[in-house]
Amino acid sequence: MAIKKIIGLGIVGMGLGMGAAAATAMNLKRSLVPTTDPSADEIVAVAIFGPLEVHSTSQNFRGGRLECWYGGGVLDLRDATLAPEGATLQVRAVFGGGQILVPADWKVVSTVSGMGGLQDIRDAKGYAADAPELVIEGTLIAGGFAVSSVLDRGADWETDLQALRDNNELELEADPMAATEPIS
């Protein structure tokens, strides 16, 4: 009988915790103003209960903030130029995440913590000791990010596109990413 109570309390506690996180996410969504200028040197990218599709063309990228709560997608920095002193990107993901696309020659350092992860999946490369670096720091809770130089659309990409076409939610020959290239 005691085990049933413990399990029941655990389930109730998890439900209350998720509800509190969802309420916090909604409050955060109302208070954050995402960056809309692709050439901005500092960004605020937000995916809260929704998708993330941000493409930066900054010529002096210094970093910013990335929030993914119950949502996620792609932050594309491949057309940006890292500031000579480097950049810091503050990330926070709660049941969310996605991909951070960077040029192949960027040095990326991660100091994220929490119950999630951030992994640089690019091929290992040697960097000059004084090379500028993108530092990614923050907290991940049941979420994560992959750092890459190539967009991974996932194994189900074509299946998902066909389902959208079958339900008349997407034109027959349209590719929803065509307008957002250079994500490739």
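How many bridges join strand 6 to strand 9, and do the two run parallel or antiparallel? Five bridges join them, and the strands run parallel. The notes below start from the whole chain and then return to strand 6. The model is predicted.

1. **Overall layout.** The chain holds two helices and nine strands. Their order along the sequence is α-β-β-β-β-β-β-β-β-β-α.

2. **Burial and surface.** The chain has 184 residues, and 35% of them are buried. Its accessible surface is about 10400 Å². Carbon and sulfur atoms contribute 59% of that surface.

3. **Strand 6 and its partners.** Strand 6 covers residues 97-101. Four of its five residues are buried, and the strand is mostly covered. Strand 4 (72-76) joins strand 6 through five bridges, and this pair runs parallel. Strand 9, residues 133-148, is also joined to strand 6 by five bridges, again in parallel.

4. **G98 as a reference point.** Look at G98 in strand 6. G73 stands opposite G98. F145 in strand 9 stands opposite G98 as well.

5. **First aromatic pair to check.** The chain has three aromatic pairs. In one of them, the ring centres of F49 and Y70 are 5.0 Å apart and the planes sit at 0°, so this pair is stacked. F49 is in the loop between strand 1 (42-48) and strand 2 (51-55). Y70 is in the loop between strand 3 (63-69) and strand 4 (72-76). The two residues are 21 apart in sequence, so their pairing ties those parts together.

6. **Exposure of that pair.** F49 has 40% relative accessibility and counts as partly exposed. Y70 is partly exposed too, at 22%. The cut-off for buried is under 20%, so Y70 does not count as buried.

7. F61 lies in the loop between strand 2 and strand 3. W106 lies in the loop between strand 6 and strand 7 (107-110). The two are 45 residues apart, and the pair links distant parts of the chain. F61 is buried, with a relative accessible area of 0%. W106 is buried at 6%.

8. **Aromatic cluster.** F49 and Y70 belong to one cluster with F95.

Notes: Residues are numbered from 1 along each chain as its sequence is written. This is a predicted model: local features need pLDDT of at least 70, side-chain atom pairs count only at pLDDT 80 or more; totals for chains, interfaces and linings use all residues. Side-chain values use heavy atoms; hydrogens and water are left out. Buried means under 20% relative accessible area, exposed over 50%, partly exposed in between (1.4 Å probe, protein chains only). Accessible areas come from the Shrake-Rupley method with a 1.4 Å probe; for residues, only the protein chains shown count as cover. Rings of Phe, Tyr and Trp (its six-membered ring) pair if their centres lie within 6.5 Å; planes under 30 degrees apart count as stacked, over 60 as edge-to-face and the rest as tilted. Two strands pair if DSSP finds at least two bridges between them.
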